[in-house]
Amino acid sequence: MLQQVMTKPGEIIFKEVPIPEPGEHQVLVKIMDIGICGSDIHVYHGEHPFTSYPVTQGHEVSGAIAKLGAKVEGLQIGQKVTIEPQVYCNTCYPCRHGKYNLCEELKVMGFQTTGTASEFFAVDASKVTPIPEEMSFEEGAMIEPLAVAVHGVKQVGDVTGMNLVVIGAGPIGNLVAQAAKGMGAAKVMITDVSDLRLEKARECGIDLCVNTMKQDFGTAMLEAFGPDKADVIYDCAGNNITMGQAIKHARKGSIIVLVAVFAQMAEVDLAVANDHELDLKSTMMYRHEDYLDAIALVKDERVQLRPLISQTFAFQDYLKAYQYIDNNRETTMKVIIHVQE
Ligand SMILES: [Zn+2]
Ligand SMILES: [Zn+2]
């Protein structure tokens with residue numbers, strides 16, 4: 001079978017390797033689709049602080065079970081699945097308390113361990129989650145980023161009836177806004193500086209889409225929600241400007257969730273955060289229950305994934321996919337690699 005290997009930033013080769021044999025508690029997955037996300041792009045550019053080369057990528061993935069290990073129960077050959085890419089120790093404090101997404105030794109497939117970008121992938125059955133038969137493999141590959149969004153939304157508990165603001169209408173911001181609506185939020189306002197991304201959010205059913213190059217963030221929030229403003233602001237852009245907007249304009253005593261990864265050291269006004277008793281939260285990846293919620297949101301048509309697919313590429317064109325993303329930064333939402341037909 002073929003296996004993708006990024007040998008150094010900007011260079012991808014395909015190695016011919018034997019199809020792996022699943023262990024007793026493993027399954028062999030015929031890999032169908034792989035999504036490319038911001039973290040993969042950082043690896044491509046040599047800007048991912050925790051990844052070394054060579055590395056096989058692929059953590060947003062769907063496929064079908066091709067073979068079952070001797071002791072695997074509850075899964076069937078041919079079943080459509082997605083894979084949870086976290087590798088954790090099971091013994092550290094967070095692991096012992098159910099928060100394995102925060103494992104002290106956390107490794108993620110495609111970054112610190114071998115990713116799924118090969119024609120077949122052997123993986124522990126516990127990391128495999130079935131997706132509905134009617135779900136496409138493309139959608140299946142996008143359950144991972146949706147799980148990121150679901151986990152982020154849930155940082156404030158139940159959002160039913162809440163008024164929310166999402167800053168940043170890229171793939172994760174879009175999915176946070178959609179997931180929040182799908183999970184019962186009353187009204188969601190999303191902001192960005194790109195009309196194209198805001199148009200995409202509108203297409204996905206987000207109530208209010210505001211371009212903050214054209215309209216002041218604080219004014220837009222007052223217009224949207226009145227003097228009580230929003231209950232939560234999710235920062236899905238992660239820079240000094242957006243976190244600055246959130247801290248400056250959040251209702252006193254309300255919650256800000258940092259969803260995006262800050263690219264540099266933050267310079268934000270913590271004195272205001274203090275004075276307004278703002279609850280600053282953050283969020284890291286997801287756990288199994290978030291995968292289940294993400295799958296249910298798509299199955300029940302409360303979240304739409306298809307509008308986010310910008311372009312698809314064949315397996316052998318992996319490099320072209322990155323070149324396409326670099327050349328179409330603003331318009332690209334999600335690029336999918338079709339590993340097999
Ligand atoms: Zn990702
Ligand atoms: Zn651990």
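Let me start with the aromatics. A search of the whole structure turns up seven aromatic pairs. One cluster brings together Phe 14, Tyr 44, Phe 315, Tyr 318 and Tyr 322. A word on how such pairs are described: the distance of the centres and the angle of the planes. And please keep in mind that this is a predicted model.

The charged end of Lys 80 sits over the ring of Phe 137, and the distance to the ring centre is 4.8 Å.

Next, the overall layout. The protein chain is divided into two parts: domain 1 covers 2–142 + 305–338, and domain 2 covers 148–282. Their C-alpha centres are 29 Å apart. Nine residues from domain 1 and 14 residues from domain 2 make up the contact.

Are Cys 37 and His 59 buried or exposed? Both are buried.

A cis peptide bond joins Tyr 53 to Pro 54, with omega at about 0°. For context, most peptide bonds are trans, and most residues other than glycine have a negative phi.

Asn 90 is not a glycine, yet its phi is about 70°. Asn 90 is found in the loop between strand E6 (86–87) and H2. Its relative accessibility is 54%, so Asn 90 counts as exposed. Met 285 is not a glycine either, and its phi is positive at about 55°. Met 285 lies in the loop between strand E15 (279–282) and H10. Here the relative accessibility is 14%, so Met 285 counts as buried.

On to charges. How many salt bridges does the structure hold? The count is 16.

Pair one is Lys 71 with Glu 24, at 3.6 Å from N to O. Lys 71 lies in the loop between strand E4 (60–68) and strand E5 (80–83), and Glu 24 lies in the loop between strand E2 (11–16) and strand E3 (26–36), so the pair ties together parts 47 residues apart in sequence. Lys 71 is partly exposed, with a relative accessible area of 49%. Glu 24 counts as partly exposed as well, at 43%.

Pair two is Glu 139 with Arg 306, at 3.3 Å from N to O. What does this bridge tie together? Glu 139 lies in helix H3 (residues 137–141), and Arg 306 lies in the loop between helix H10 (288–299) and strand E16 (309–314), so the bridge ties together parts 167 residues apart in sequence. Glu 139 counts as buried, at 10% relative accessibility. Arg 306 counts as partly exposed, at 48%.

Lys 320 counts as partly exposed at 46% relative accessibility, and so does Asp 317 at 24%. Elsewhere, salt bridges with shared partners join Lys 154, Asp 290 and Asp 293 into one network.

Tyr 100 is found in the loop between helix H2 (93–96) and strand E7 (107–108). Why does Tyr 100 count as buried? Because its relative accessibility is 14%, and buried means under 20%. Leaving aside neighbours within four places in sequence, Tyr 100 is in contact with several residues, among them Glu 84, Gln 86, Tyr 88, Tyr 286, Arg 287 and His 288. Take Gln 86: it is 14 residues from Tyr 100 along the chain, and their C-alpha atoms are separated by 8.4 Å.

The other is Gln 245, placed in helix H8 (residues 240–249). Gln 245 counts as buried at 16% relative accessibility. Not counting residues up to four places away in sequence, Gln 245 touches Ile 167, Thr 212, Phe 217 and Ala 250.

Technical notes. Residues are numbered from 1 along each chain as its sequence is written. Chains are lettered from A and ligands numbered from 1 in the order in which they are written. This is a predicted model: local features need pLDDT of at least 70, side-chain atom pairs count only at pLDDT 80 or more; totals for chains, interfaces and linings use all residues. Side-chain values use heavy atoms; hydrogens and water are left out. Helices (H or I, at least four residues) and strands (E, at least two) are DSSP runs, numbered from the N terminus. Buried means under 20% relative accessible area, exposed over 50%, partly exposed in between (1.4 Å probe, protein chains only). Contact means heavy atoms within 4.5 Å. Rings of Phe, Tyr and Trp (its six-membered ring) pair if their centres lie within 6.5 Å; planes under 30 degrees apart count as stacked, over 60 as edge-to-face and the rest as tilted. A charge sits over a ring if NZ of Lys or CZ of Arg is within 6 Å of the ring centre and within 35 degrees of the ring normal. A salt bridge is a side-chain nitrogen of Lys or Arg within 4 Å of a carboxyl oxygen of Asp or Glu. Domain bounds come from an automatic or database domain assignment.
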